Amino acid sequence: MISLRNVTLAYPNGVRALDNISLEIGKGDFVFLVGHSGTGKTSLLRLLYREMAPSYGEIIVDGIRVDRLKRRRVPALRRHLGVVFQDFKLLTDKTVWENVAFAMQVTGAHTKDIMRQVPRTLDMVGLAHKSRMYPGELSAGEQQRAAIARALINNPKLLLCDEPTGNLDPANTTEIMELLQRINLKGTTIVVATHNQAVVDRMRRRVVRLEDGRIVTDEERGYYYLGLGQSQILSG
Amino acid sequence: MDWGRVRFFLGEVFRNFTRNAGMQATAIGTVAVTIVLLGGFLYVRAVLGGVGHDLLQQIRISAYLQQNASNATIAQLHAALLKDPRISSVQFVPKSVGLKELRKETKGVIDLSILTKNPLPDVFRVSVHSASDVPAVAAAVRRMPGVANVVYGKTIVRRLLHLGAVMRRVGIAVIVLFLLVAGIIISSTIRLTVFARRREIAIMQLVGATSAFIRLPFICEGFLDGLLGSLLAVGILAVAHAALWSRVFRALPWLHIDPRLVNTPLFFAQLLLVGAAIGVIASWISVGRYLRT
């Protein structure tokens with residue numbers, strides 16, 4: 001699904017946000033990107049949905065050469081993937097239903113497809129009963145679920161999440177991660193950039209750790225810290 | 001036809017348009033003022049053009065013949081003048097008629113009875129289709145056999161032609177300036193709307209909306225600004241045309257308006273088209289610039 005080969009992202013001031021990264025992520029995988037702030041997690045995600053282009057290297061997402069993608073081809077790439085952010089990025093003057101439908105409307109979907117798909121997706125994220133409410137009337141967890149519904153509305157094969165639980169309390173965090181797991185079980189590839197050690201340690205999925213723009217560890221069923229669960233750190 | 005899509009699109013346009021109502025009013029007002037000035041300017045230009053045209057139409061070339069020109073020469077000359085496609089009419093004034101005319105014009109001022117013989121030559125009075133041909137035709141006639149001299153309002157023709165050329169150039173410059181001002185104002189308005197909707201635009205881009213789709217509601221907004229502004233202007237001009245110009249023409253009956261330039265319905269349609277086009281072009285540029293960054 002995702003293939004990065006020798007990818008470097010350097011800013012004009014010479015700082016390297018990512019330094020010679022190579023990474024393969026298969027179809028249906030669930031991967032955590034971990035590391036301190038400023039280690040390049042968000043930059044890596046941005047390269048995948050072509051918010052930025054790499055300075056060097058090759059990036060392939062779902063068979064598309066993203067590093068060479070022309071500007072006018074970017075919308076086609078983005079219709080194949082969903083993106084979720086820490087701050088939800090919902091439109092406050094639109095209801096939950098309208099926010100989710102918006103993603104289909106602006107890509108030219110037919111009304112009957114929208115009428116069919118939106119209730120189904122809202123049902124999946126558990127927000128069907130709040131579809132007429134505005135984001136300001138929802139809890140943070142519900143807002144994030146609405147954002148996930150919007151990311152999923154076009155049935156993407158890949159879901160990119162940038163600190164999806166960063167603004168949530170532990171109970172909402174658990175709910176969101178369970179939702180992401182359910183989505184993953186249906187075959188969607190999920191990449192989550194996070195600081196949240198508890199989440200990573202509890203879920204025991206693949207963990208890619210970044211430091212100073214480089215991949216330092218890549219473990220199947222890993223912990224936030226190399227080979228150590230949270231309880232072991234606390235007791236040690 | 002998917003009415004849901006149409007409704008969504010019109011909703012977006014309406015939302016854009018009402019979000020910055022104050023700024024839209026400013027843009028529409030500016031376009032209206034610009035188009036009123038432009039329309040007024042074109043009116044004045046048409047009036048002055050009409051006056052100039054009238055003056056030039058009255059200009060005739062007088063070809064004075066040699067005293068000894070024979071009837072055959074006169075007939076040949078007449079035929080040659082009629083053959084020239086630039087010439088619209090030729091009038092032969094024999095010296096006897098010329099003297100009569102002179103007597104009539106100078107009656108009570110100069111006593112012509114002292115003349116023992118007619119000193120005037122025969123004259124051809126030549127009119128041309130286009131005033132700009134007067135100097136060339138005059139020169140050609142001067143070279144024809146039997147012609148002693150050629151007289152026309154050389155200075156006034158030259159000045160009027162020169163004035164016309166300058167007016168055209170100044171006119172184009174002024175029009176371009178007006179249109180630029182209107183374009184810049186609409187462009188600024190659209191930029192404000194784009195800025196107010198930057199979150200929505202970011203989400204549209206994130207979920208894969210094409211640039212054309214994102215652009216279209218803003219283009220429609222610019223189109224509406226331009227069209228409404230020029231409609232307002234056309235209304236003002238139509239009222240002014242009905243109320244004011246008839247009085248102006250009564251007060252200055254010698255004014256003639258060139259109907260080709262201000263044939264009212266066509267003229268107003270052109271102003272509407274110019275206003276709408278300015279709106280579309282200005283918004284196209286300002287959204288395009290935002291989407292590229």
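Biologist: How many residues of chain A are in contact with chain B, and how many of chain B are in contact with chain A?

Modeller: This is a predicted model, in which local features need pLDDT of at least 70 and side-chain atom pairs count only at pLDDT 80 or more, while totals for chains, interfaces and linings use all residues. Residues are numbered from 1 along each chain as its sequence is written, chains are lettered from A and ligands numbered from 1 in the order in which they are written, and side-chain values use heavy atoms, with hydrogens and water left out. Taking contact to mean heavy atoms within 4.5 Å, the counts are 23 residues of chain A and 20 residues of chain B.

Biologist: What is the volume of the largest cavity?

Modeller: On a 1 Å grid over the protein atoms alone, a cavity is a set of points where a 1.4 Å probe fits but cannot get out, and its lining residues have an atom within 4 Å of a point. Grid points are joined across faces, edges and corners, and a volume is the space filled by probe spheres set on the points. One cavity of 30 Å³ or more is counted, and the volume of the largest cavity is about 90 Å³.

Biologist: Which element gives the most residues to the lining of that largest cavity?

Modeller: Helices (H or I, at least four residues) and strands (E, at least two) are DSSP runs, numbered from the N terminus. At least two lining residues each come from strand S6 (81–85) and helix H5 (140–152) of chain A, and from helix H7 (198–207) of chain B. The lining includes Leu206(B) and Val207(B), which are also among the buried residues of H7(B), where buried means under 20% relative accessible area, exposed over 50%, and partly exposed in between (1.4 Å probe, protein chains only). With three residues, the element that gives the most is S6(A).

Biologist: Is Asn155(A) buried or exposed?

Modeller: Asn155(A) lies in the loop between H5 and S7 of chain A, and it has a positive phi of about 50° although it is not a glycine. Its relative accessible area is 56%, so Asn155(A) counts as exposed.

Biologist: Which residue just after H1(A) takes a positive phi?

Modeller: Helix H1 (residues 41–48) of chain A is mostly covered, since six of its eight residues are buried, among them Leu47(A) and Leu48(A). Just after H1(A), the residue with a positive phi, of about 60°, is Arg50(A).

Terms used
On a 1 Å grid over the protein atoms alone, a cavity is a set of points where a 1.4 Å probe fits but cannot get out, and a pocket is an open set with protein on both sides within 12 Å along at least five of seven lines; lining residues have an atom within 4 Å of a point.
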